[in-house]
Number of protein chains: 4
Amino acid sequence: MGGCLSKHFEMDISQAIAEAAEAARPAAARGRVADYIDQLANVDPTRFGLAVVELDGTEHVIGDIDTPFPIQSMSKVFALVLAMQRIGDEGAVHREIWERVGREPSGDPFNSLVQLEYECGIPRNPMINAGALVIDDLLIEHCTDPVASMLEMVRELAGEDIDLDMSIAAAEDESSHRNRAMANLMASFDNLENGVDEVLNVYNSQCSMMMTARQIARSMRFLAYDGIDPSGGRQVLSASLAKRVMAIMLTCGTYDAAGEFAFSVGLPCKSGVAGGIMAAAPDHSGICVWSPPLDEAGNSLAGRVALHDLTDRLELSIF
Amino acid sequence: MGGCLSKHFEMDISQAIAEAAEAARPAAARGRVADYIDQLANVDPTRFGLAVVELDGTEHVIGDIDTPFPIQSMSKVFALVLAMQRIGDEGAVHREIWERVGREPSGDPFNSLVQLEYECGIPRNPMINAGALVIDDLLIEHCTDPVASMLEMVRELAGEDIDLDMSIAAAEDESSHRNRAMANLMASFDNLENGVDEVLNVYNSQCSMMMTARQIARSMRFLAYDGIDPSGGRQVLSASLAKRVMAIMLTCGTYDAAGEFAFSVGLPCKSGVAGGIMAAAPDHSGICVWSPPLDEAGNSLAGRVALHDLTDRLELSIF
Amino acid sequence: MGGCLSKHFEMDISQAIAEAAEAARPAAARGRVADYIDQLANVDPTRFGLAVVELDGTEHVIGDIDTPFPIQSMSKVFALVLAMQRIGDEGAVHREIWERVGREPSGDPFNSLVQLEYECGIPRNPMINAGALVIDDLLIEHCTDPVASMLEMVRELAGEDIDLDMSIAAAEDESSHRNRAMANLMASFDNLENGVDEVLNVYNSQCSMMMTARQIARSMRFLAYDGIDPSGGRQVLSASLAKRVMAIMLTCGTYDAAGEFAFSVGLPCKSGVAGGIMAAAPDHSGICVWSPPLDEAGNSLAGRVALHDLTDRLELSIF
Amino acid sequence: MGGCLSKHFEMDISQAIAEAAEAARPAAARGRVADYIDQLANVDPTRFGLAVVELDGTEHVIGDIDTPFPIQSMSKVFALVLAMQRIGDEGAVHREIWERVGREPSGDPFNSLVQLEYECGIPRNPMINAGALVIDDLLIEHCTDPVASMLEMVRELAGEDIDLDMSIAAAEDESSHRNRAMANLMASFDNLENGVDEVLNVYNSQCSMMMTARQIARSMRFLAYDGIDPSGGRQVLSASLAKRVMAIMLTCGTYDAAGEFAFSVGLPCKSGVAGGIMAAAPDHSGICVWSPPLDEAGNSLAGRVALHDLTDRLELSIF
């Protein structure tokens, strides 16, 4: 819906992010930094960054917005977008993706095998680990080098060079028993075409992409702009598919707190275990907040508070 | 977001609903009419009505839009709105409602006891039966006669007289073993203040409210208009709470197809087992479609197709 | 198998129960008395009684073996036996009972609705609450007054007068939300013929039967003696059905600790929430131990220890 | 319990197995041969063998009792016995085994990940796949070559040479996604010490042991004889542990039909997916029946019927 609104808020955004940051920062103390790998456990829990990048390129930032951190599960959005790009038209997307992975919220912890077993190896959606593994399995079919293709796409969207942290990918691999369990379970239901190791390798690599909050905010703008990257004007995805990606983010992007996020934030979001949350504000901006301590659902605690505060102040809720 | 957009589509709505109706009607043949009570089983499955009522009162309708049918689960939205009204400020709403019922999609069939047991008697959200029973339990505290208050509210929103069909309420009661099971389970977890029979009585009554598609579409406009009923200008709910209600509808309003609806329709919706689906298009209109045959998730099959088609044509998706 | 073995242990039983009692009593301190109704909460947790009644009538007892306590879930064995008696031949038992209730261990807490829902209203076995409700539903068909018939049967087996404690039945009724939930769920699956209240009334009454450990031990002897009550020589159940009842007790009689009991005790047992455990030692004796504090699985903690110790000393394990 | 009973039935056993075989054979037609690997799928479904080997060595056999077939899950009993042997005293067994695997029936299909996840990686018992993997993990600690040790133990019990069919082990490995999923899940809960591949290798090998019904019947006798192998008089396991193994077989040995087997057969049994069922009749005999077609629970259909018939005729039920 019309870009006229941006004008209205133009002068307020910088003030709003400052106030949101102030409101949110103390909440971090109530959260817990992920500690299943050293690279996450050792991060400074007081790190906090918030970036809002408008469609016209204006950037409003506060805090640690130029410190790279692993994007982890936020990469699932890029993987899905890449799969849609490569598959092409909506009919083919439907046949290739949506028969192998659902579009429903999971209602269970993000790495639950229970649902996967009851539902015969069809993951509930591509924003949970099992679903992302299926998307990666598809990418292996469609890309010579899925990780290279993802990096290329993200570099273009962020306008800067972006790399993997191979030590993180390696550490993920060592603690990937549960993902391996899910991949094997899906293979037992014939919902994995490639080898478990190959698929996990793509997944662990994409999780280790190092990006800054600023870069992530930039990379979300194409979703907010009918699928077009406002920097170069390139159509990354059709307007229709861009809306679909945002719908999936809204209903499935924040584990078992998607309802809570829709309720209090009102924007399509995707969180990562390193404490990042990416969001797209349709016709307005790309947004990213980073604060490592997580709440019980696995989302950045101060990040959620900041987004709640910010969308209230800027009236960005899509509802 | 700005009302300027309505202009753009003004002339198209009538044509759009005609095309959506034509596209959707055949789908009804693939669905199944609910048959657990005679009053639903005996309905003509070819009935089809679609109504879009703009904020300014302009009504675009096609088909059986003046035939009353039981609103069933769509009443859950009215019950939630009434509870919010009566409780008043957001802090109190939080304390009284959200500590007793969640805001997360259920990921399980709408009447599942499993989740209710695992989550200690706290229903996942107020759009599933168990959650609606808790809301009704709250209404008994806050209203002298909850059903009378709901009728009053709905009459005002629809601008016409509305009544219960007591034969339907009685039939619901006779087939309410599962709701009774859930109510007793919640009582065993101390999440029901009033007697099981009293709560079920309110619930079965509200489900038997007889409304037409036109009336339902009108009654949704206040949600689309920052909580204000555009007919009389009365603030039904604060803008903030109206957004919250829509967020809950989007993530939880269509049983285990909420992701699918967000994906393909992109509007906050709530369905009922008689084949009605209500929707709110922010800053645009209230919408209702009616077609009795249901899909496997329990939502009107042709209704979903019609809304998908309509929101694509009118670009009404909130994403 | 032959009665010749009893001779061998004759002189040891009294000593064995003394030693078992001494070994077991301290364990009671680690358990917790059931407290969902006052009548159970207020019992003296140091009460302890152990009775072994041989087939020839010789009674070996120690401790509080003449204090009546509510038999609670142990009544499920009597209800099942009564149902088998009334239905008569094995073919009819199969058709009437085993199509409505299973014979498998539950693997879940004794009052779980989860399994009942997944398995479409068919309880796993007649030793859990849901299964006992189905048996009671059957008894209503087959007996003019099921509770009176159960009392009559038990009086004969125990050789003494036995009564209900109506205050306990009433208290059970008030805290029966969960049983009511299960009964309604089964009714929703058409696995309950009679009204929920009527069935619950039978169940709550049978749970309130007041018996002493000595009486219970006597009443188990017919199972140990091929279905014949050794007092009067009456065939209570066919030898074949008596074995079947014991098989169900062994695999399902002690909630989610049936494997543990088979492993450590090695006898068919059934426990009750008041701290009683009944057991049948084939060709040897009826046994009952009573100690109110329960372990996490809901079985008498000291009772289990005593039976483990006793069956080891007397080599009573059926394995 | 005394061996005097064998005398009584001496002359009947051969006749009983003939009658049981005749009664059971037709049932095979209603079952389905396992087909997840070619070696099982290609077996002749009319194969049928039944062997009863008395403690004194007298062998009563009928049908295909000298055709080797893969013992599959029956190997779980040998693995558990070997682990108990190597660990030694009961206290150590308790610490090393029972803190890592339970002793309760599973109440869910034999390869369910659901329960494993809810119960934090602790399998319900050593007779299901997950539990067997933990036992194998333990064996890797305690044996230089677990498979060689198992073969040695079984050769001694059966009195004949026994080997693996490496083509079966290889085929199992290729279709072991689900076992691999469980192993990884347990590793994620720190309930696996050794590598997933190493553990699966032991498991797949033991499943491929080729034995005849006669050999299996012989190898069960030590359980029926207080842990002593009646051939050589060697104490394979203490009497106490032998009873424990039988208790686990009775409550957990036939997947989700353990209650049914206890009810209708009344002997400790363990089944395998190739259609074998092994049983121990305390103080009487070792038994094995083989008929490839399985029922829905995964147990040999005609095998179950034969054992039911046989134990009724010979009154072998332990109850």
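A residue is called buried if 20 or more other C-beta atoms lie within 10 Å of its own, exposed if 12 or fewer do, and partly exposed in between, with C-beta atoms placed from the backbone. The model described here is predicted, so local features need pLDDT of at least 70 and side-chain atom pairs count only at pLDDT 80 or more, whereas totals for chains, interfaces and linings use all residues. Residues are numbered from 1 along each chain as its sequence is written, and chains are lettered from A and ligands numbered from 1 in the order in which they are written.

Helices (H or I, at least four residues) and strands (E, at least two) are DSSP runs, numbered from the N terminus. Helix α15(A) covers residues 301-314, which makes 14 residues. From its first C-alpha to its last, α15(A) reaches 20 Å, close to the 20 Å expected at 1.5 Å a residue; the expected span is 1.5 Å times one less than the number of residues. The helix is mostly covered, with 12 of its 14 residues buried. Among them are Leu301(A), Gly303(A), Arg304(A), His308(A), Asp309(A) and Leu314(A). Just after α15(A), Glu315(A) takes a positive phi of about 50°.

Chain A also contains an open sheet of 3 strands, in the order β3-β5-β4, with antiparallel pairing. Two strands are taken to pair if DSSP finds at least two bridges between them. The strands β3 (69-70) and β4 (163-164) of chain A stand at the edges with a single partner strand each, so one side of each is left without a neighbour in the sheet. Strand β4(A) is joined by 2 bridges to β5(A), residues 209-211, and the two run antiparallel. Within this part of the sheet, Leu164(A) stands opposite Met209(A) of β5(A).

An automatic or database domain assignment, the origin of the domain bounds, divides chain A into domain 1 (4-68 + 213-314) and domain 2 (73-207). Taken over C-alpha atoms, the centres of the two domains of chain A are separated by 21 Å. Residues are in contact if their C-beta atoms, placed from the backbone, lie within 7 Å. By this criterion, 31 residues of domain 1 of chain A are in contact with 30 residues of domain 2 of chain A. On the domain 1 side, at least two residues each are supplied by α3 (38-41), α12 (213-224), α13, β6 (269-271) and β7 (276-281) of chain A. The largest share of that side, 7 residues, comes from α13(A). The residues of the domain 1 side divide into 15 nonpolar, 11 polar and 5 charged. In this classification, Ala, Val, Leu, Ile, Met, Phe, Trp, Tyr, Cys and Pro count as nonpolar, Asp, Glu, Lys and Arg as charged, and the others, Gly among them, as polar.

Relations between chains were then examined. Between chains A and B, 32 residues of chain A are in contact with 32 residues of chain B. The elements of chain A that give two or more residues to this side are α1 (4-9), α13 (239-252) and α14 (258-264). Helix α13(A) provides the largest share of the side that touches chain B, with 8 residues. By class, the side of chain A that touches chain B has 16 nonpolar, 8 polar and 8 charged residues. Copies were superposed by least squares on the C-alpha atoms of residues with pLDDT of at least 70 in both. Chain A is superposed on chain B by a rotation of 180° with 0.0 Å of shift along its axis, at an RMSD of 0.0 Å. The C-alpha of chain A nearest that axis belongs to Gly107(A), 2.4 Å from it. The same surface serves both copies, as 100% of the contact residues of chain A recur in chain B.

Contacts with chain D involve 12 residues of chain A and 12 residues of chain D. Helices α6 (113-118) and α10 (177-188) of chain A each supply at least two residues of the chain A side, and α10(A) gives the most, with 8 residues. The residues of this side divide into 5 nonpolar, 4 polar and 3 charged. Chain A can be laid on chain D with an RMSD of 0.0 Å by a turn of 180° and a shift of 0.0 Å along the axis, which is the relation of a two-fold axis. In chain A, the C-alpha of Ala181(A) is nearest that axis, 1.8 Å from it. No contact joins chain A and chain C, whose closest C-alpha atoms lie 11 Å apart.

Key
Two residues are in contact if their C-beta atoms, placed from the backbone, lie within 7 Å.
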